[in-house]
Structures are given as C-alpha cells and as structure tokens.
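Colleague: I am new to this structure and would like to learn how to read it. Could you walk me through a few features, one at a time?

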Amino acid sequence: MEFKKSHKLYNKGLVNLVGAVNSPVRAFASVGGNPLFIEKAKGSKIKDVDGNSFIDLVLSYGPMILGHRHPKVQKAITKALKNGYSFGASTANEIKLAKIVCDAFPGMDKVRFVNSGTEAVLSGIRLARAYTGKDKIIKFAGCYHGHQDSLLVAAGSGLATLSLPGSKGVPEGAVKNTLIANYNDLDSVKAHFEKHDDIAGVILEPVAGNMGVVIPQDDFLKELKAFLESKGALLIVDEVMTGFRSKFGGAQELLGVEADITCLGKVIGGGFPVGAYGARNEIMENVAPLGGMYQAGTLSGNPIAMAAGISTLTELKKQNPYEFFDKVAAIIERSLLTSAQKYGVELTVNRFGSMINPFFTSKHVTNFEEAQSSDTKKFAVFFWEMIKNGVFLPPSQFEAWFLSSALSSKDIEKIKKAIDNSMEAVSKMEA
Ligand SMILES: *Cc1c(COP(=O)(O)O)cnc(C)c1O
C-alpha cells in the first residue's frame, strides 16, 4: 500500500496549515507516520488520494451514521443548494429539524441550533449558569466537551492522545469555576458539593467516548441525577457524540435518566456543521430573545445544514439500524477478544450501541485513569496493520470506533480478518 500522494500533500500542507491539519485529532502524532489525505467516500468506504480504499470506522468522528453520501441526503442537499446558502433569517426547515429533535428527547421542549458541538456545550453551560445564578460546573476527568476555555481541563480526546494535561492559553480565571470529578464515582461529585455552595451543575458524556468508550456503571447516572436534584443543581448531558447513535434520540433514555440541558452535534448535522442545545421551556426561556442569556450565530440554522440534518434523521428513523449496530458491535467485540486470546495480547473491549473500541490493557476500563493504563505503542502497531488491511480507524487509543448502517456482511468479514492479522502483528512486536 502506497501513500505517496498523501505524503506529498502532507508536506505541502505543513506550509500554510498547522501540522497540515485543521483539527489535532486528525494528526497521526500518537501512531506515527503521516496523516492520510482523503479524496472521496461513499457508503461504508473511504478512499485516499493514492486510491487506497478503506472500510471507514471513523465516519468523521461520528456524524456519518448512514455511511457517506446516502442518496436521500445527497438529494436533499442538492435541492436546498438551489434556493440559496444562507439568509440571516428564519426558514421552515429549522422548525422541522427542531421538531424532530425535540420529539426524540423526552426532556426537551425547545432547542437552539448552533454550528458545532463546542458551541452547543459552551452555550449549554452558560444557560445552566443563567438559570441557576451559580457559577461552578463539575466535569469528569477524561470527558471532552469541545475546546472552550472553561472545560479544557482533564479533557480526554486529542489532549489524551497528545498527552497534554490541558491547554496553554487558558487563563486561570477561565477554569477557576471548573471542578473535576472521577467518572463512575458519585462520591467524588458529593465531595465538591460539601466544599462549594455555588455549583450550577454537572456536565458529562452519558457514555464517554473521548477517552475511548467508557460506560456508566450500574445506577451511576440515576444516582447522580437524584443527588443533583436534591441540591438544586442541573444535569447537563453532552450527547454530541452519543445523540442518535445508540437509539433514535439520546443515550439518556436507554440509561434511564433525563437531562436538564442536553447538548447535541455530530449526527444531527449529517456531516454539516450543526450543534444544538435544548431543555424544557422553563430553562430555555432564559435564552435571548426570550430571556437575558445571550447567544447568537451568523450561520446558525444554515439551510444546507438543516436539509442534511432533516434527511439524515428521517432516514435514520426509517432504517432503525440500532439492533443491527448492536449485533455488529458484538461481532467486532468477539473478534477482538478471540484474536487477542489467540495471540496472547492483553485486551479490554468496551462498547455501547454503535460505539466500540479496544484498550490494550488487562484492566477493566471504567474511568480515565484506567483508560490511560493502555499500551499506546501496541495500539500504534494495531492501527497501521488495520490500515494495511483496509480498515480506517481513528489514529488514537483514546477515540471510539463508529459503525455506519452502510456496513455490509462482506465489510464485517473484512474487519474480522483485519483484526486477526493486526492482533498477530501486535503479538509479534512483543516478542
Ligand atoms: C465532538 C464532541 C464535542 C465537540 O464537538 P465539535 O463539533 O468538535 O466542536 C463535544 N462533546 C462531545 C462529547 C464530543 O464528542
């Protein structure tokens, strides 16, 4: 497999782009080598500029849940393009997508569309503060909520991949109202409430996907919600990754918990820049123009993005691929564990719906610290073998793999074979 053209573009990109990428998660920093440049994608597959074709388990880090260029979505976008690209005024499609989203989340009466997951979360946090009149927010180590200043501490994702503790350029003042707790550890939340009486709420990923996949244990979420209610603090659920991934709607319902504020992104834009935050009326009425919390956006509710979102969610509801996802994830899990055992590689696999990933560690992974016990060198070898075997994975031990409904049984067989070959390569590296 050759990567000549990608290498050439990479070197060219280094001149006017930072590291030749527009998001650090796309750099191959932790797996070595240079990032692949993509030419196009269709269905379950993605093709690089050298003509190599891969089964895509990155899916743009989640949004492309139907696979690439689903005909229905393509048609809707093409139609929308003919009417104009942006108006700075409302359109009927914004109301349509709002209804689809609100109907899918039991606790959501109103929603506001923004342009990214980062924006969705920073607005959701501002809303929690506006509504409660309190300043402090608790977040969990290893959960990523976008790159806004106040939440860029112990933030997983690209930071974990690059082993960065937080970010330079974030002033102390910006994080002084951020408290860190441990995932799956309610006592670590309670301890903060004992010390502080100005906590507006807790933000979390209902299933963490940015330290690898980490699942909430037992009744962690339910107990957290009940505790927060007793303290008059809000539960802000960041479903930017999980929204519409494990069921139509959020992970909240599956896990038996209802958010006060929900943040969305990724899937709801079908590959276009859309984020959203929503809540019950009483909370959303604090947002301008109804209330005093200001939040705005020149391109928010962009007509092309709305068309992509509506068609993606409509098709997703029709396909209802959630049982399929569960089945495929179980097959991949079995394949990973079987091959790991066969070649004597220590491995843990976590999965939830259409999110799955292996950790190269013997430990159960229930929090950030345990995730970080993984052997990232083994992952790097595994990653490149998967590439050579025609499967495109996120280039990091700490990112989830995503499934699309476009995966065929042939694709799944190919993934299994690739896993077996790659695990063998990992075992040889140990010797
Ligand atoms: C991806 C992600 C974000 C940030 O979304 P962007 O669109 O990249 O700004 C926030 N929270 C979670 C849980 C995410 O997975």
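**Reading the model step by step**

Modeller: Let's start with a sheet: three strands form an open sheet in the order E11-E12-E14, and their pairing is antiparallel. Strands E11 (348–352) and E14 (401–402) are at the edges with a single partner strand each, so one side of each has no neighbour in the sheet. Please keep in mind that this is a predicted model.

Colleague: How many bridges join E11 and E12?

Modeller: E11 pairs with strand E12 (residues 355–359) over five bridges, in the antiparallel sense. To see the pairing on the model, look for valine 349, which stands opposite proline 358 in E12.

Colleague: Which helix lies across E11, E12 and E14?

Modeller: That is helix H12 (residues 322–343), and its direction is at about 180° to E11.

Colleague: Let's turn to cysteines. How many disulfides are there?

Modeller: A disulfide needs two cysteine sulfur atoms within 2.5 Å. By this rule the count is zero. Take cysteine 102: its closest cysteine sulfur belongs to cysteine 263 and is 14 Å away, which is too far for a bond. Cysteine 263 is in no disulfide either, as its nearest cysteine sulfur, in cysteine 143, is 12 Å away.

Colleague: Is cysteine 102 buried or exposed?

Modeller: Buried means under 20% relative accessible area. Cysteine 102 has 12%, so cysteine 102 is buried. Cysteine 263 also counts as buried, with a relative accessibility of 0%.

Colleague: What does the UniProt annotation say about Lys266?

Modeller: The unreviewed UniProt entry annotates Lys266 as "modified residue: N6-(pyridoxal phosphate)lysine". In the model, lysine 266 sits in the loop between strand E9 (261–264) and strand E10 (275–279). Its relative accessible area is 25%, which makes lysine 266 partly exposed.

Colleague: Which residues does lysine 266 touch, not counting those up to four places away in sequence?

Modeller: With those set aside, lysine 266 touches Tyr61, Pro63, Val240, Met241, Gly271 and Val274.

Colleague: Finally, which domains does the domain assignment give?

Modeller: The assignment gives domain 1, made of 4–65 + 321–427, and domain 2, made of 71–318. The contact between them takes 36 residues from domain 1 and 37 residues from domain 2.

Colleague: How many Å apart are the C-alpha centres of domain 1 and domain 2?

Modeller: The two C-alpha centres lie 25 Å apart.

Note on methods:
Residues are numbered from 1 along each chain as its sequence is written. This is a predicted model: local features need pLDDT of at least 70, side-chain atom pairs count only at pLDDT 80 or more; totals for chains, interfaces and linings use all residues. Side-chain values use heavy atoms; hydrogens and water are left out. Two strands pair if DSSP finds at least two bridges between them. Helices (H or I, at least four residues) and strands (E, at least two) are DSSP runs, numbered from the N terminus. Contact means heavy atoms within 4.5 Å. Axes are lines fitted to C-alpha atoms, for helices over the stretch in contact, and angles run from 0 to 180 degrees between N-to-C directions. Buried means under 20% relative accessible area, exposed over 50%, partly exposed in between (1.4 Å probe, protein chains only). UniProt positions are given in the numbering used here, feature names are shortened, and annotations may be inferred rather than shown by experiment. Domain bounds come from an automatic or database domain assignment.
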